[in-house]
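Reader: Could you walk me through reading a structure like this one, feature by feature?

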Amino acid sequence: MSIVALGLLASLAAGLMTGVGALPVLMGRTISRKANDTMLGFAAGVMLSASFFSLILPGIDAAEGLYGSVLVAALIAGAGIALGALAIAAMNEYVPHEHFLAGREGVEAAALAKIWLFVFAITIHNFPEGMAVGVGFGGGNVANGISLATGIGLQNAPEGLAVAVALRGQGYRRLTAFLIALATGLVEPVGGVLGAAAVSVSVHVLPWGLAFAAGAMIYIISHEIIPETHRRGHQNRATTGLTAGLILMMVLDVTLG
Ligand SMILES: [Zn+2]
């Protein structure tokens, strides 16, 4: 099977976990703010750990193998991380969307229905996650791609639940809340195919793609998820969740990837 097909299937599977996470809302259940913040902290921890163990470190290894210099490899990784973060910062600037935390940002946000602002926010979030899974298969590293897809899938469940619960809180019906949460996850295969295709172009693109995906995720962790999990005073729970997620993804990467 080609790398692009693998990237598509794995990121689709990871994306569908967003809908699995939102299932309790479809069945009329909801969760406490404390549990929500703990679980989103877990999501942030998995993303953080995946950025380093499954993206940045393999990127440095790949660049060192290509150019024979740890310094060149480190500089490529650093530049790739910066570009990934800048790309998401630019999307944040120009795409109107609704932050969980800060409210509306971007051009003509007021003109759009609130529901679509939510969709944009999650699209920005999920696109780099799908891309991370796709680039994870680059260079034929199937084990790394699978461990990334497993980790991203795991952290998509609490994210899907958080989206569905937030929509329910705004008065949307159960089925609508569930379907929107599911739809946000379906952005991941788009990112997955693009990521896998990009790193299939040339071995020289691989270290850049890995670092770029990591930078994009780190931006979202710092800009969106950690502030969201801390704003109601549940810092201890959020940090416990983050630490657990970080450890779990590290174990996944070391044993699977
Ligand atoms: Zn996430």
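Author: Gladly! Let's begin at the surface: V203 is exposed, with a relative accessible area of 52%. Keep in mind that this is a predicted model.

Reader: Why is V203 called exposed?

Author: The word applies because its relative accessible area of 52% falls in the range over 50%. As for its place in the chain, V203 sits in the loop between α7 (188-201) and α8 (206-230).

Reader: What is the general idea for nonpolar side chains, and how does the inside look here?

Author: In soluble globular proteins, nonpolar side chains tend to be buried together. In this model, the largest nonpolar core has 35 residues, and L55, V135 and M217 have the most contacts inside it. At least two residues each come from α1 (3-26), α2 (33-67), α4 (114-136), α5, α8 and α9 (235-256). The largest share, 10 residues, is supplied by α8.

Reader: Which residues is M217 in contact with, leaving aside neighbours within four places in sequence?

Author: For M217, the partners are M47, A50, S51, L55, P128, E129, A132 and I152. Apart from the core we have been discussing lies another one, of 12 residues, including V25, V163, A177 and A181.

Reader: What does N144 touch, not counting residues up to four places away in sequence?

Author: Its contacts are S54, P58, G136, D253 and G257. With S54 you can look at the atoms themselves: a polar atom of the N144 side chain lies 3.1 Å from the backbone oxygen of S54. For a sense of the fold, compare sequence and space too: N144 and V133 are 11 residues apart in sequence, while their C-alpha atoms are 8.8 Å apart.

Methods. Residues numbered from 1 in each chain as written. Predicted model: local features only at pLDDT ≥ 70, side-chain atom pairs only at ≥ 80, totals over all residues. Heavy atoms only, no water. Contact = heavy atoms within 4.5 Å. Polar contact = N/O pair within 3.5 Å; in protein donor to acceptor, adjacent residues only side chain to side chain. Helix = DSSP H or I, 4+ residues; strand = E, 2+ residues; numbered from the N terminus. Buried < 20%, exposed > 50% of the residue type's maximum accessible area, 1.4 Å probe, protein only. Core = buried A, V, L, I, M, F, W, Y, C linked by side-chain atoms within 4.5 Å.
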